Amino acid sequence: MTITEGQGRTYGHAELSGLMSLMTGDEKHGPAATSTLDVLWVLHDRVLRVGPGSTEDPERDRFLLSKGHGPMAYYAVLAAKGFVPVRWLPGFGAYDSPLGYHPDRVLVPGVEISSGSLGHGLPIAVGEVLGLRAQGLTGPAVWVLLGDAELDEGSNHEAIAFAGATGLERLHAVVVDNASASHRLPGGIAARFEVAGWSAVSVDGRDHEALYGAFTAPHPGRPHVVVARVEDKNS
């Protein structure tokens with residue numbers, strides 16, 4: 001699937017690296033961005049029920065980027081899907097650019113939360129699901145993308161425990177694991193969620209079909225997490 005922007009120009013996954021290369025500067029956090037590229041693409045291309053014309057629709061799916069540092073991959077995907085103009089990308093990080101080093105929900109169409117301080121996204125996603133439920137909106141799914149190092153934050157532990165115990169079925173988390181956590185046990189991420197009552201799947205974070213299958217796996221009565229393993233940050 002591709003999206004047309006402007007005068008018949010189309011952008012697909014093969015061109016995302018080119019879009020990312022338009023963004024330069026000293027604060028790029030390159031590994032943080034490149035590690036998320038495939039996850040972001042599959043979600044926005046095949047899973048999320050939201051587009052440039054439905055960013056205010058109450059029935060839209062919500063995507064929250066908790067891993068808000070190094071957002072170039074996110075901006076590239078938003079540009080490819082038509083949320084923001086491609087011409088914004090070269091201005092990344094400039095004083096007068098809406099594309100800051102951390103995404104700003106007020107400035108960037110399609111961005112649901114301003115993020116970058118690690119440990120905030122999953123608790124906000126829990127609150128989003130509860131808020132939607134209180135409004136009688138049971139259709140929208142809420143997705144949050146975290147990095148493995150974020151799981152060192154206590155706020156995430158509390159959110160994991162609460163969501164599992166209360167069966168927040170409309171809550172979906174994706175943890176991009178590039179071995180950057182200070183306290184990590186190989187294979188331990190999925191187990192951490194499972195013991196709290198979540199449905200959990202671990203996949204190759206570069207395999208689009210595996211990602212799609214994991215994203216769409218049924219999980220009745222439980223929140224769902226996909227652990228997307230990619231190359232080590234320092235490899």
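The model is predicted, so local features need pLDDT of at least 70 and side-chain atom pairs pLDDT 80 or more, while totals for chains, interfaces and linings use all residues. Residues are numbered from 1 along each chain as its sequence is written, and side-chain values use heavy atoms, without hydrogens and water.

Which residues of H6 are buried? Asn 156, Ala 159, Ile 160, Ala 163 and Gly 164 are, where buried means under 20% relative accessible area and exposed over 50%, with a 1.4 Å probe and protein chains only. They cover an arc of only 120° around the axis, so they sit on the same side of H6; the arc is taken from the directions from the axis to the C-beta atoms. On the other side, Glu 158 and Ala 165 are exposed. Just after H6, Gly 167 has a positive phi of about 60°.

Now the largest pocket. Its space is about 230 Å³. Lining it are 18 residues, and Thr 55, Arg 60, Gly 110, Val 111 and Glu 112 are the closest to its centre. A pocket is an open set of points on a 1 Å grid over the protein atoms alone, where a 1.4 Å probe fits, with protein on both sides within 12 Å along at least five of seven lines; lining residues have an atom within 4 Å of a point. Strand E3 (62-65) and helix H4 (72-80) each supply at least two lining residues.

Notes: Points joined across faces, edges and corners; volume = space filled by probe spheres on them. Helix = DSSP H or I, 4+ residues; strand = E, 2+ residues; numbered from the N terminus.
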